[in-house]
Amino acid sequence: MKFVIAIIKPFKLDEVREALAEAGVAGMTVSEVKGFGRQKGQTEIYRGAEYSVNMLPKVKLEIAVSDAMMPKVIEAIQQAASTQSIGDGKIFVLDLASTTRIRTGETDENAL
């Protein structure tokens, strides 16, 4: 199993969610976060206005997937989140040691 963490631009959330649903993702966790990358406070266009800030609003997606689904999930996020401009975000993939569904006690891939 893999744990996928994606940091994307907020206005791309709906497109990414739809692409992930088409790829077969059953659920995810979404958080509003702030951060910066290589630009470190240089100007960026956000919702049509130019800002010069050191912490930009982003959305963090957390998704647990099977090993077999991981390439489809990465491709879906990358294609849907891309604007071909600086600050599109990052995708991180971690090994997931264990998963347990609290309600039923199912474990690992059965819990996904």
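**Starting at D88**

The side chain of D88 makes a polar contact with the side chain of T83, at 2.4 Å (a pair of N or O atoms within 3.5 Å; within protein, one able to donate a hydrogen and the other to accept it, and sequence neighbours count only if both atoms are side-chain atoms). That side chain of D88 also reaches the backbone nitrogen of Q84, at 3.1 Å. This is a predicted model, where local features need pLDDT of at least 70 and side-chain atom pairs pLDDT 80 or more, while totals for chains, interfaces and linings use all residues. Residues are numbered from 1 along each chain as its sequence is written, and side-chain values use heavy atoms, without hydrogens or water.

D88 sits in the loop between α2 and β6 (89-95); helices (H or I, at least four residues) and strands (E, at least two) are DSSP runs numbered from the N terminus. D88 is buried, at 16% relative accessible area (buried is under 20%, exposed over 50%, partly exposed in between, with a 1.4 Å probe and protein chains only).

Now for α2 itself. Its buried residues are V73, I74, A76, I77, A80 and A81. They cover an arc of only 165 degrees around the axis, so they lie on the same side of α2 (the arc is that of the directions from the helix axis to the C-beta atoms). On the other side of α2, E75, Q78 and Q79 are exposed.
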